[in-house]
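Here are a few friendly notes to read alongside the model. Take them one at a time, with the structure open.

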4 protein chains.
Amino acid sequence: MIIMKQEATKEEIANVVKEIKKYGLKADVSRGEFRTVIGLIGDESRIDFSHFATLPGVKEAMMVESPYKLISKEYVKRFDEEAEQRQITVGNVTIGGDDLVIIAGPCTIENKSQLFQIAEAVKKAGAHILRGGIFKPRSSVHSFQGLGANGREEAEEALSWLAEAGRRFEMPVVTEVRGEAQIDLVSRYADIMQVGARNMYNQDLLAGVARMGKPILFKRHFGAGIDEFLSFAEYMAAEGNKDIILCERGILPVGKGKNHTRYTFDLSAIPAIQHETYLPIIADPSHATGRRDLIFNMSCAAVAAGANGLMIETHHNPSEALVDAMQMITPDELAEVINACLEIKRLVAPKQKAKVTSG
Amino acid sequence: MIIMKQEATKEEIANVVKEIKKYGLKADVSRGEFRTVIGLIGDESRIDFSHFATLPGVKEAMMVESPYKLISKEYVKRFDEEAEQRQITVGNVTIGGDDLVIIAGPCTIENKSQLFQIAEAVKKAGAHILRGGIFKPRSSVHSFQGLGANGREEAEEALSWLAEAGRRFEMPVVTEVRGEAQIDLVSRYADIMQVGARNMYNQDLLAGVARMGKPILFKRHFGAGIDEFLSFAEYMAAEGNKDIILCERGILPVGKGKNHTRYTFDLSAIPAIQHETYLPIIADPSHATGRRDLIFNMSCAAVAAGANGLMIETHHNPSEALVDAMQMITPDELAEVINACLEIKRLVAPKQKAKVTSG
Amino acid sequence: MIIMKQEATKEEIANVVKEIKKYGLKADVSRGEFRTVIGLIGDESRIDFSHFATLPGVKEAMMVESPYKLISKEYVKRFDEEAEQRQITVGNVTIGGDDLVIIAGPCTIENKSQLFQIAEAVKKAGAHILRGGIFKPRSSVHSFQGLGANGREEAEEALSWLAEAGRRFEMPVVTEVRGEAQIDLVSRYADIMQVGARNMYNQDLLAGVARMGKPILFKRHFGAGIDEFLSFAEYMAAEGNKDIILCERGILPVGKGKNHTRYTFDLSAIPAIQHETYLPIIADPSHATGRRDLIFNMSCAAVAAGANGLMIETHHNPSEALVDAMQMITPDELAEVINACLEIKRLVAPKQKAKVTSG
Amino acid sequence: MIIMKQEATKEEIANVVKEIKKYGLKADVSRGEFRTVIGLIGDESRIDFSHFATLPGVKEAMMVESPYKLISKEYVKRFDEEAEQRQITVGNVTIGGDDLVIIAGPCTIENKSQLFQIAEAVKKAGAHILRGGIFKPRSSVHSFQGLGANGREEAEEALSWLAEAGRRFEMPVVTEVRGEAQIDLVSRYADIMQVGARNMYNQDLLAGVARMGKPILFKRHFGAGIDEFLSFAEYMAAEGNKDIILCERGILPVGKGKNHTRYTFDLSAIPAIQHETYLPIIADPSHATGRRDLIFNMSCAAVAAGANGLMIETHHNPSEALVDAMQMITPDELAEVINACLEIKRLVAPKQKAKVTSG
């Protein structure tokens, strides 16, 4: 929408209309007694609003429609009245359906026996999907980067363990793709391909991963607003892959002094995002809080906020984990978390459903 | 703690020790093979660490103890082993006890009949404490500032309505004190005196309110870290008033583009704060989200996170409210929220209690 | 401006118009082919936009005009074509004129001889206005709060020293008012009354200080956006006092890890603010950076950005200062800063002037 | 450094020492009267501090050394006393030397004639290095992504224009590599390879680009703290390429309401970063402010802050630019900026040099 200055001339208005047509959109000119406002009919996201703001006679140029479209609830409902919530099915698990989905496993795969031991334990605790990191994005180049850093062969071996553990314990598996060079390799073993928070803005990676056609677990960057997060999810949808599971994992904290949690867990983003898009969204309390002692409460809170699932780092012996020891819980604690969360899901689900059908 | 440079001389170390004594603390010198570290025995918060950082031979000077003390769990447990959670009783309500406490009412008192109508309805819905704003802190001087802005007489009349509604419907009442000049007046009518988020740093107001000896509802500023929030609560405790109910009401969002919630509801701050202090903490989903359609989920989430209570803006006819219409729910909706939250409280309370007793 | 949904009915539009009139404004209805947009004629800041957003048929309700008016360039130029830049004269100093204004002195007044020694030295170094803190807002209640904390008598004595030092060395003096109870006392001694960053939102203090009729030095809160900062300056202008000197002193940093400066010095806010308001704006590199070794460069940068003046903490012996030792420079260093800044002012001033007359 | 609890036992201390040795570091145990502190001798960045924080008896585990090493001033000075400032020479230009370096050109290459016209003009205005975008990282998948998006052939053609323009007008050229697949292609044409802000965390891209052996222009992410920024620069240094030109281009703004600049230009980060590393750092006022009318002042401010160079988007006809029209200046305006900045550089350089040799 282009808001003209009160003193804008007819020529200036005509010029703006001409410019809008250059972008292939139609102009909807509204002349008030005092001010003229020009709406844009067509795909607003093709417009460079900063260009319009510099044209003579223009007071303000701003986007009224949301910067994402293919994944927006409004858009998908034009084609399918029922499309309130996308359901993504992987093996025996459906994300976005009535059931809460639990993804669990170690932060990082250390060796085969560690992985199998944890996989068995989390299955027993009630998890549905197995996670395990192989290519780890770390803040320091000097930190342990996962087994994937030891070369393609060792990476493939670790991937094959993960796939094998998934088959053995009947859980689809998810692992992170850190760079474009790994897309092909990871897609051969993983059921769900994860794009991590630090890669949220990496559009070439997004497009490449999306083209594999597998479901994607897509994490929000800690500095990204909701619109940015969804705009980058749109990069994957634009490749024809809408099997995107969004994931809130914490944003930058505000204020000075010691941060008592690793990030700020932005739980109100969950229902806010569900209002905008039909994609399912899960929450990762482990990375968001970085604190083992907060996982129980914050998992319950995420489900109460409406999350379709949870991703929780689990280790049979947290204090021996090579990475993120402080945020890992045991399989026993996981079972407690799952039990409480299932009850909370039962409590909040009817109200959400009501909102969907009425609102 | 003062960390000396590796090359620090004996004289430089001696000088730091001398400086520490000037502040009335004792120095605990630890000589390692490579580096000397000097601990501070006494009240670290009396030290200006920036002063020590400029002394010769010093690498870094930092606070190891928390910047609040009187309200810290660690401190109060020295005197009372049981002091895991402070309980604050106002009339027939205890905040910090086993029961979830619900504060509800209009954002702003518009007239007597509006207030009584809402008070009756929220009581019926299950609320325990009645809120109603008289002195409203607004971002724009040109906005409606509450009835308190019409002079002392009208302010007092509105306060008397609030007190009367409280008596009639058997709920203690809470209202905000915006400036020092109102402390005396408000203390005569309110059972709980509220210090709003924008006044969190206003230490003269904090001290003045605390001296009234009544319970205080103390809201976190949207730009304040947890340590800052607790350090300013300490200003009230230092006046001898520890009946402080903390309140999380949203922090500044991150990222660019449209904010889909008014603020970011920092729910992981709730258990993190409960880890640091024994003061009770409640949550205000109305101001945090600014969205009526998110109140149900985010109230449930706050209770799941461990909140001792909720403060929810309620209006019998939200779209006619003069202030904050978008975030108000009806008494019927409030009843739904309360019912779900009570069940969630039952689910998470035993786990929290276990944590408390086990340590 | 109210943007209606495409499917909004005539009745819904009429209802919005009726609501606008209730607030005493006129509605400017613009009917496009696809969408109706309703402009507001009158003082937009009296509208509660959240109220309009809840009305049936409304897509979005937003403020188009800025939330401040009395201090906006646009507004003041309606009455006075020349009113590009307000000039505030205090004694022999004009802030907002052609000359760069330097405010210097100790963070905190410790005793009379310290103050006089520093006052003489900063005058010699080229400062124009003397600063000295008496009522210090500190993060911790246990820290030194300035001589003002020792009671009214000692506060008044320190204020009289400041006034005397100002007379002796021919510099107007500025000191902070921390609470409403001090307004009267401070106004008797100070030539300029400072409202600190932590009090930016304290509207009762702002109104009270403004009513004294003296120039005000008004600091931006570290969590405040530009519009908020100016909206609270408007609280003082609404009392009839437009002698407001704005001050940028650092905002909250982003990101994780050690902050290498105390705050983020938001220098691009300076020309951005000068674009919005005709009030002068100065910069405080001492509080913004918290680092003595950055004062030279960041003072130069602030002047290059267009600041009308600088406020710099100075101490004859920084490492003995009781408060903020790390950020204080010596009078000799101050002289170096001033000399470089005067040259930079000469370089950037003509360009700024050209912009003013042409743009 | 590991700070033990006051009540830590001998066994707990011994256990921490044992754990430290596992990581290949030595432990430096300092026993004070009250508390034991254990320093780490060796490369702290190999430690997972969260692991140590979970060990029994530990109060706090924290990094004392900076998380980057190869690029830190402290480290490089061990081998070369003179290594205060790295100088990077590309063709006829040295970044990090006595001269201010100006990078200019269009945001995006639109066609050959546009590029050549601008290249000639910026050379005449005083620029040293030519920029031009081919692979554009955009927030929306529906926006123009640069000529690089039209396939490898068209990308290569645009790259060849850039290289040709560089030769013709005797300026080294820089362009952004957006994804790993483009590294090889871009390295054949560009003299300096740019990694954009959104890719700052993309460690596989960083490593790949670094291995090309060419100088890298490395932009800070808008959500990254200084330590994070330098830690990711370390990823390139770890590949043996230290020809890294850092670039500050704006961070996320704080506060609510309209942002009057696109980002917050973090100028105090410039001298703060120069204190930590010997790598040169330049500033990009175009992306930081997003406002043509602020470029003059903010360029001057960046140089006053100590920047080694500037990157400024320039277009012969800004209002016709396809991308970022609002932030582009004309070549004539560029000449004005350069002239003022050269004078400011002359003013601040001696003081910086003095600091280097003395401090």
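Are α11(A) and α11(B) roughly parallel or roughly antiparallel to each other?

1. First, some ground rules. This is a predicted model, in which local features need pLDDT of at least 70, side-chain atom pairs count only at pLDDT 80 or more, and totals for chains, interfaces and linings use all residues. Residues are numbered from 1 along each chain as its sequence is written, and side-chain values use heavy atoms, without hydrogens and water.

2. Now the opening question. Helix α11 (residues 295-305) of chain A packs against helix α11 (residues 295-305) of chain B at an angle of about 170°, and their axes are 7 Å apart. Angles over 145 degrees count as roughly antiparallel, so α11(A) and α11(B) are roughly antiparallel to each other.

3. Look at who touches whom. Contact (heavy atoms within 4.5 Å) involves Asn297(A), Met298(A) and Cys300(A), among others, on α11(A), and residues including Asn297(B), Met298(B) and Cys300(B) on α11(B). By class, the residues of this contact are ten nonpolar, two polar and no charged.

4. Turn next to chains B and C. Here 52 residues of chain B are in contact with 52 residues of chain C.

5. There are two salt bridges between chain B and chain C (a side-chain nitrogen of Lys or Arg within 4 Å of a carboxyl oxygen of Asp or Glu). One of them joins Arg178(C) to Asp204(B), at 2.7 Å from N to O.

6. Which helix of chain B gives the most to the side that touches chain C? That is α8(B), with five residues.

How values were computed:
Chains are lettered from A and ligands numbered from 1 in the order in which they are written. Helices (H or I, at least four residues) and strands (E, at least two) are DSSP runs, numbered from the N terminus. Axes are lines fitted to C-alpha atoms, for helices over the stretch in contact, and angles run from 0 to 180 degrees between N-to-C directions. Angles under 35 degrees count as roughly parallel, over 145 as roughly antiparallel, 65 to 115 as roughly perpendicular and the rest as oblique. Ala, Val, Leu, Ile, Met, Phe, Trp, Tyr, Cys and Pro count as nonpolar, Asp, Glu, Lys and Arg as charged, and the others, Gly among them, as polar.
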